[in-house]
Amino acid sequence: MRRALLYVITVYASAPVVLYLFPWILGHIVFSHLLRFPFFVDLSRPELVLNHTCNFYLNTDEGVSVGVWHTLPASQWEEAAGKRPEWYRETLKDGNPVIIYLHGNLGTRAIHHRVELVKILSAAGYHVLSLDYRGFGDSTGEPSEAGLTSDALYLYHWVKVHSRGGLVCLWGHSLGTGVATNTAVKLQEQGSVADALILEAPYTRMRDVVDSHVFAKMYLFVPGIQNLLWDILDRNNIEFANDENLKTVTSPLLILHAEDDNLVPHHMGLKLYQISLQARKKTETDAQVEMISYSARRGFSHNGIYLDPNLSDAVG
């Protein structure tokens, strides 16, 4: 018993030291890209988990190839059988809006709740492009905040070209909300505006998520631990500052957040909503800003908002 207790104390005391000496560990924890759930799914064959979908790859950067699934809107389902990726690409011109789905950390574009959301959006009449960022799934390269943003920005421009300027919405979930707002800011810096932005379970900034994590709470009483974690995030160039981004983003915005979210507290979504409202008022921008909060009684937590039967109406 004494030996086991000594072991626990040693592990507890050494964890911050290990993170300080090897800061890349925290980066791997933030992205969790090496956990390629679900296992044994062939990402090049989306039809095994998602109908009316083709797989293709884009070279978003030198030496970086990212995997994308293109799921068709309901109006195209009957024609899709046996069609090649080139045919799918041509359908982007059909006038239906396109949603670029930017998922959270851990796993691939084949995880159950991601696939179920895509099914709902497809049935509602949208093209959905599900991206596995660099280092995730079957995509090459190593993840970084700048790299994930670059992948999403490349895909957005690619869709705009092939849809001949059709409406394109950025949908970010969890970690992906930071990618989405980063991309929206980059677009505005380039002189254009994202057509729409949907943030599902968004956080204020990554350091706030780290602070609220159960691991960090175990060390809150240790002097300097918060500054240590923040410093390690800075050394990894990880910020994902949704709160700062939404002070300048002028796209129509919808925030979706469950009150019982056990990973990203609901109050972060509320804060982002207030920041957006104040920013629009200050800049006299009339683009729509809305937030839908889901009662804890519904049990949606962090990944279950797709279970809302009225979700497609809210998005529309």
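Predicted model: local features only at pLDDT ≥ 70, side-chain atom pairs only at ≥ 80, totals over all residues.
- At the interface, nine residues of domain 1 are in contact with 16 residues of domain 2.
- The size of an interface is often given as the accessible area lost when the parts come together.
- Here, about 1000 Å² is buried between domain 1 and domain 2, and carbon and sulfur atoms give 56% of that area.
- On the side of domain 1, the residues that lose the most area to domain 2 are F31, D208 and E239, which together make up 64% of what that side buries.

**Charged and polar links across the interface**

- One salt bridge is counted between domain 1 and domain 2.
- You can find a salt bridge where the side chains of E239 and R205 meet, with 3.4 Å from N to O.
- Eight residue pairs are in polar contact across the interface of the two domains.
- Two elements, α2 (24–31) and α7 (206–212), each give two or more residues to the side of domain 1 that touches domain 2.
- Sorted by class, that side of domain 1 has five nonpolar, two polar and two charged residues.

**A feature from the UniProt record**

- In an unreviewed entry, UniProt places the feature "domain: AB hydrolase-1" at residues 97–190.
- The span 97–190 is 48% helix and 18% strand, and its end C-alpha atoms lie 22 Å apart.

- Most residues other than glycine have a negative phi, and most peptide bonds are trans.
- S32 has a positive phi, near 50 degrees, although S32 is not a glycine.
- You will find S32 in the loop between α2 and β1.
- P38 is also found in the loop between α2 and β1 (53–61).
- The peptide bond that joins F37 and P38 is cis, with an omega of about -10 degrees.

**Salt bridges in the whole structure**

- Searching the whole structure turns up 15 salt bridges.
- K119 and E116 are separated by about one helical turn, because they are three residues apart in helix α4 (residues 112–123).

Key
Residues numbered from 1 in each chain as written. Heavy atoms only, no water. Contact = heavy atoms within 4.5 Å. Buried area = accessible area lost by both parts, 1.4 Å probe. Salt bridge = Lys/Arg side-chain N within 4 Å of Asp/Glu carboxyl O. Polar contact = N/O pair within 3.5 Å; in protein donor to acceptor, adjacent residues only side chain to side chain. Helix = DSSP H or I, 4+ residues; strand = E, 2+ residues; numbered from the N terminus. Nonpolar A, V, L, I, M, F, W, Y, C, P; charged D, E, K, R; others polar. UniProt positions renumbered as here; feature names shortened; annotations may be inferred.
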